Protein chains: 4
Amino acid sequence: MKDIQKRKDKRGIPIKEVGISEIFLPIFVSDKKNKIQQVVSRIKISTNLSPKKRGTHLSRFLEVINKYQGYNFDIAKIADILKEIKSKLKTSEANLEISFIYFIEKIAPVSKNKFLMDYRCKIIGKILENNRIFKKLEVEVPISSVCPCSKEISRIGAHNQRGVIILNVTISKFIWLEDLIDLVENEASGILYPILKRPDEKYITEKMFDNPKLVEDIVRDVAIGVKKNKRIIDFSIKCTNYESIHNHNVYAEITNRK
Amino acid sequence: MKDIQKRKDKRGIPIKEVGISEIFLPIFVSDKKNKIQQVVSRIKISTNLSPKKRGTHLSRFLEVINKYQGYNFDIAKIADILKEIKSKLKTSEANLEISFIYFIEKIAPVSKNKFLMDYRCKIIGKILENNRIFKKLEVEVPISSVCPCSKEISRIGAHNQRGVIILNVTISKFIWLEDLIDLVENEASGILYPILKRPDEKYITEKMFDNPKLVEDIVRDVAIGVKKNKRIIDFSIKCTNYESIHNHNVYAEITNRK
Amino acid sequence: MKDIQKRKDKRGIPIKEVGISEIFLPIFVSDKKNKIQQVVSRIKISTNLSPKKRGTHLSRFLEVINKYQGYNFDIAKIADILKEIKSKLKTSEANLEISFIYFIEKIAPVSKNKFLMDYRCKIIGKILENNRIFKKLEVEVPISSVCPCSKEISRIGAHNQRGVIILNVTISKFIWLEDLIDLVENEASGILYPILKRPDEKYITEKMFDNPKLVEDIVRDVAIGVKKNKRIIDFSIKCTNYESIHNHNVYAEITNRK
Amino acid sequence: MKDIQKRKDKRGIPIKEVGISEIFLPIFVSDKKNKIQQVVSRIKISTNLSPKKRGTHLSRFLEVINKYQGYNFDIAKIADILKEIKSKLKTSEANLEISFIYFIEKIAPVSKNKFLMDYRCKIIGKILENNRIFKKLEVEVPISSVCPCSKEISRIGAHNQRGVIILNVTISKFIWLEDLIDLVENEASGILYPILKRPDEKYITEKMFDNPKLVEDIVRDVAIGVKKNKRIIDFSIKCTNYESIHNHNVYAEITNRK
């Protein structure tokens with residue numbers, strides 16, 4: 001059968017990324033407490049394409065991914081996959097992004113009830129022509145914020161709401177997702193739980209109203225925590241608050257990229 | 001050219017709805033203050049299909065819709081469109097659903113600043129074989145809720161969050177979208193605004209903390225208001241709160257259908 | 001601590017559903033080939049609420065769900081959970097909806113390459129006052145359709161596109177998700193695969209162009225298949241095609257409810 | 001009243017962006033045929049924040065936006081808004097992103113039927129410390145693609161599907177959205193229409209099957225067109241195909257940024 005993808009291209013235009021998105025697969029990732037966790041991943045995988053080639057062989061991406069089923073998709077394995085993609089597709093760069101819901105057991109502060117809490121996470125890798133590999137982790141952490149301005153001026157209460165912090169870091173060495181999530185949760189007005197009894201609710205409400213923070217405070221405080229971690233090369237932090245008195249969202253973003 | 005749609009069908013299976021979704025068009029709707037408002041609508045239109053016919057003529061739906069461009073898509077016009085669809089496509093039933101963002105000028109409670117606020121709304125119509133027409137309106141209203149349980153037990157504050165109420169009503173006569181939205185907003189702990197200065201924030205925060213409500217309270221209080229309106233034949237009310245201390249949503253729903 | 005939820009309510013308004021949505025948990029479901037499959041579920045759980053009670057105890061929903069972790073969430077277990085919810089919350093009705101991505105190994109038609117394919121599925125249960133339990137399954141199956149009208153009139157080709165069929169059935173006895181998915185895939189112009197080599201592509205392309213179907217044909221042919229299964233009490237089928245020549249979607253829906 | 005935002009900050013951390021997202025407003029944009037078009041916009045607006053300041057004054061963003069209601073939000077006006085934001089909030093940078101559905105009258109190729117077609121567009125602006133202003137336009141164009149590989153190897157047909165091309169350009173001078181959309185549509189296998197009669201369907205189907213293109217071909221051919229426009233300083237092009245034989249998407253991206 002003829003193979004159109006193999007043909008030479010005369011347009012002289014390099015392609016930055018060509019690949020596949022919306023691949024879904026159950027995979028394993030590293031879990032701090034239980035060693036390993038099975039997750040359902042959404043995968044995006046691509047390479048660059050030389051200006052001389054007309055097309056890429058997309059089924060090879062899946063063949064490579066398929067080989068790693070059953071293995072732990074940790075940062076070390078991501079490097080192996082990127083090298084194999086680059087070699088199998090004869091390109092100079094390759095990219096891989098794996099998104100999944102990750103579960104961590106959360107203990108309610110007073111009742112000590114336990115329940116799994118869901119966090120959206122990503123493992124991202126890129127291999128360059130010189131074989132240097134960039135590894136990124138991303139965690140999306142739901143939080144609550146109490147507005148210090150509203151607290152200061154109001155006779156009672158203060159507007160408070162759910163928000164989300166997205167922390168994306170380039171790392172030099174392995175970091176637990178749990179540690180990144182902890183780092184973020186420590187800096188919000190309050191954190192979210194899957195299950196709470198009334199004594200827990202009382203504790204959490206009082207704690208967050210004693211700890212009001214602007215969206216600007218939250219991203220700055222997370223940045224201070226992130227900067228202390230020597231395994232983090234560079235980062236971006238974005239916090240979005242779903243304002244309970246406004247019909248719009250408020251957000252702040254700090255970027256510290258090399 | 002051959003016309004496959006016209007062919008007879010021998011499978012003997014009636015189709016409840018066959019039609020088109022995700023049509024986008026700028027249209028006009030009735031506005032209580034400004035008489036008329038231009039909105040961007042997302043339209044779904046369909047008919048039933050007799051077990052004897054193989055297919056419908058989908059382009060005719062668009063031809064009918066197109067004729068009404070420039071007109072006001074109010075409840076009266078919806079009836080005209082449904083009758084024309086039914087006649088043009090020679091079916092016994094027809095359905096039309098028009099979704100759009102509707103803007104109402106909102107005045108901040110203290111500063112009196114004005115700004116447009118966006119509400120997601122729907123106009124829905126159905127014509128039956130006996131030519132009886134059912135007309136529905138739906139409004140989606142963002143609100144805020146303060147938890148009375150959390151307020152009762154906590155030394156300071158109470159968890160509070162954004163929520164959304166969806167009110168869907170079958171009507172016998174014309175009702176302003178503004179009146180349905182008012183009816184809903186009156187029963188939440190607090191309402192959302194597009195623009196607020198600090199004195200407004202103070203006023204709204206205190207008002208909502210003086211008015212804590214469970215999700216169950218909110219849907220019941222909206223139901224009491226809805227029942228007073230003689231133009232409303234039946235209804236459903238759903239309130240969803242994006243909990244600021246839980247990583248899940250809490251919802252309540254009342255249905256009163258004839 | 002005071003318990004506001006327990007208070008009596010004087011508004012006299014029953015609530016159809018009050019509960020929690022967007023709970024995420026890893027659970028197990030029955031797998032035809034591998035006995036059991038771990039999936040990531042999104043759970044919605046609720047009860048009705050008597051007009052005499054002010055509120056429900058939401059944390060109890062999570063306590064019940066939590067007990068069943070590690071068990072297989074099959075239709076039998078759903079019945080147990082519903083009964084326990086009803087009893088623990090002292091209500092007359094309870095509802096449970098579990099959504100997840102389910103994986104089935106798919107074999108390419110010519111190369112015989114294997115890869116997991118993802119299907120969105122739901123298990124839905126409802127218990128009534130008389131303890132009768134309704135059990136539903138829903139499968140969402142991506143398909144491809146070739147337009148017979150376009151094929152008939154064109155010198156070359158025919159417009160063809162991805163679509164999705166949602167089949168929702170009320171069942172009297174256990175049915176495999178695999179069997180429902182098979183039933184749907186058999187009636188499309190063509191089915192989708194995760195991995196294909198060129199000989200597979202040739203085979204699939206020719207097969208679907210030899211089997212053109214209108215959206216009306218597809219839902220009718222699925223209905224014929226569904227009606228043959230004696231374990232299915234009632235059903236709805238909806239097919240939506242993401243038209244490759246129109247900027248809107250075309251859909252058809254058959255409902256056969258008792 | 002106390003003003004927490006005005007306080008000095010000692011953390012020494014600059015914030016890249018702090019602002020508001022999900023503001024919805026009806027605005028006017030320039031229309032090549034009708035001079036002006038009313039659209040419903042979703043607005044994101046932000047500034048940077050000096051490490052010395054604790055917070056920004058978010059309501060001022062809305063005050064500035066509100067002043068421009070009734071005006072045409074073209075590239076010239078975007079520059080005015082950015083300057084005013086920067087001055088009112090006393091910051092060194094400001095950002096504005098306006099997203100909307102834009103309508104263009106489309107004429108069917110044979111029947112000459114006319115109907116409005118919807119395109120998702122963005123106008124994006126950024127002002128720097130030196131007052132230099134960057135202006136970007138983005139258009140999202142639905143297209144159809146016929147696979148040349150599948151056509152080459154199959155006895156009949158070829159897999160064909162809907163896709164979408166997102167073209168984002170930095171411009172030195174005003175460009176019509178219509179011209180950017182034209183540029184993109186010219187390079188796909190086929191384009192989408194809102195309304196088609198059977199002779200149109202025949203024409204379009206044959207034209208696209210005579211013009212099969214890989215996703216790699218499409219982005220390259222759009223790039224050639226973009227490079228000819230002297231008003232475009234730099235660009236990115238991404239094409240995603242919703243494969244009709246695969247349950248994943250295929251994409252290609254070219255970036256040419258200065």
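**Helix packing, chain symmetry and ring contacts**

In chain B, helix 1 (residues 58-67) and helix 2 (residues 75-88) have axes that come within 10 Å and cross at roughly 150°. The structure described here is a predicted model. The crossing of helix 1 of chain B past helix 2 of chain B is right-handed. On the side of helix 1 of chain B, the contact involves B:R60, B:F61, B:E63, B:V64, B:I65 and B:K67; these residues meet B:I81, B:E84, B:I85 and B:K88 of helix 2 of chain B. Classified by residue type, this contact of helix 1 with helix 2 of chain B comprises five nonpolar and five charged residues, with no polar residues.

Two copies of a chain are related by a rotation about an axis and a shift along it. For chain A laid on chain D, the turn is 180° and the shift along the axis is 0.0 Å, with an RMSD of 0.0 Å. The two copies are therefore related as by a two-fold rotation axis. The same surface serves both copies, in that 100% of the contact residues of chain A recur in chain D.

Contacts involving aromatic rings were also considered. Over all chains, the structure holds 14 aromatic pairs. Charged side chains are also placed over ring faces. Within chain A, A:K238 lies over the face of A:Y251, at 4.7 Å from the ring centre.

Notes. Residues numbered from 1 in each chain as written. Chains lettered and ligands numbered in written order. Predicted model: local features only at pLDDT ≥ 70, side-chain atom pairs only at ≥ 80, totals over all residues. Heavy atoms only, no water. Phe/Tyr/Trp six-rings, centres within 6.5 Å; stacked < 30°, edge-to-face > 60°. Lys NZ or Arg CZ within 6 Å of the ring centre and 35° of its normal. Least-squares fit on C-alpha atoms with pLDDT ≥ 70 in both. Contact = heavy atoms within 4.5 Å. Axes fitted to C-alpha atoms, helices over the stretch in contact; angles between N-to-C directions. Helix = DSSP H or I, 4+ residues; strand = E, 2+ residues; numbered from the N terminus. Left-handed = near helix turned anticlockwise from the far one by under 90°. Nonpolar A, V, L, I, M, F, W, Y, C, P; charged D, E, K, R; others polar.
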